[in-house]
Amino acid sequence: MKDAVKTVSFGIMHFTIAFGVVWLMTGDVVLGGAIALIEPLVNTVGYYFHEKIWQRGDKRRAAIGREGTIPG
């Protein structure tokens, strides 16, 4: 559950930053909104899987520390 909350929080922050940057660069609210919706959505999904990969690595490193070998 923590991963999901963290992911949503990151998505909201990213949306706000993306909108602000595009709006300031172009002066176009519609373009800012469109890019702010698409880019962070894709990035947030990528972030979720990035976290899962890191967690898998953490588990493997912990197992190596206990047993001296990689599980599996």
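First, the ground rules. This is a predicted model, in which local features need pLDDT of at least 70, side-chain atom pairs count only at pLDDT 80 or more, and totals for chains, interfaces and linings use all residues. Residues are numbered from 1 along each chain as its sequence is written, and side-chain values use heavy atoms, with hydrogens and water left out.

Now the record. An unreviewed UniProt entry carries the annotation "domain: DUF2061" over residues 5–55. Under "transmembrane region", the unreviewed entry in UniProt lists residues 7–25 and 31–50. Positions are in the numbering used here, feature names are shortened, and such annotations may be inferred rather than shown by experiment.

What does the model show over those spans? Residues 5–55 are 96% helix and 0% strand, with the end C-alpha atoms 16 Å apart. Residues 7–25 are 100% helix and 0% strand, and the end C-alpha atoms there are 27 Å apart. For residues 31–50 the figures are 100% helix, 0% strand and 28 Å between the end C-alpha atoms. Helices here are DSSP runs of H or I with at least four residues, strands are runs of E with at least two, and both are numbered from the N terminus.

Next, the aromatics. Rings of Phe, Tyr and Trp (for Trp, the six-membered ring) pair if their centres lie within 6.5 Å; planes under 30 degrees apart count as stacked, over 60 as edge-to-face, and the rest as tilted. By this rule the count comes to three aromatic pairs. One of them is F10 with Y47, which counts as stacked because the ring centres are 4.6 Å apart and the planes are at 20°. F10 belongs to helix α1 and Y47 to helix α2 (residues 29–67), so this pair ties together parts 37 residues apart in sequence.

Are these two buried or exposed? F10 is partly exposed, with a relative accessible area of 22%, while Y47, at 17%, counts as buried. The cut-offs are under 20% relative accessible area for buried, over 50% for exposed, and partly exposed in between, with a 1.4 Å probe and protein chains only.

F19 and W23 form another stacked pair, at 6.0 Å centre to centre and 15° between the planes. They sit four residues apart in helix α1, so about one helical turn separates them. F19 is partly exposed at 24%, and W23 is partly exposed at 40%.

On to the buried residues. H14, in helix α1, is buried at 14%. Which residues does H14 contact, leaving aside neighbours within four places in sequence? They are E39, P40 and N43, where contact means heavy atoms within 4.5 Å.

G33 is in helix α2 and is buried at 18%. Not counting residues up to four places away in sequence, G33 touches F15 and F19.

M13, I17, V21 and M25 form a nonpolar patch with about 420 Å² of accessible area together. M13 lies in helix α1 (residues 2–26) and counts as partly exposed, at 42% relative accessibility. Patches are made of residues with over 30% relative accessible area and no salt bridge; like charges are joined within 9 Å, and nonpolar side chains (Val, Leu, Ile, Met, Phe, Trp, Tyr) within 5 Å. A salt bridge is a side-chain nitrogen of Lys or Arg within 4 Å of a carboxyl oxygen of Asp or Glu. Accessible areas come from the Shrake-Rupley method with a 1.4 Å probe, and for residues only the protein chains shown count as cover.
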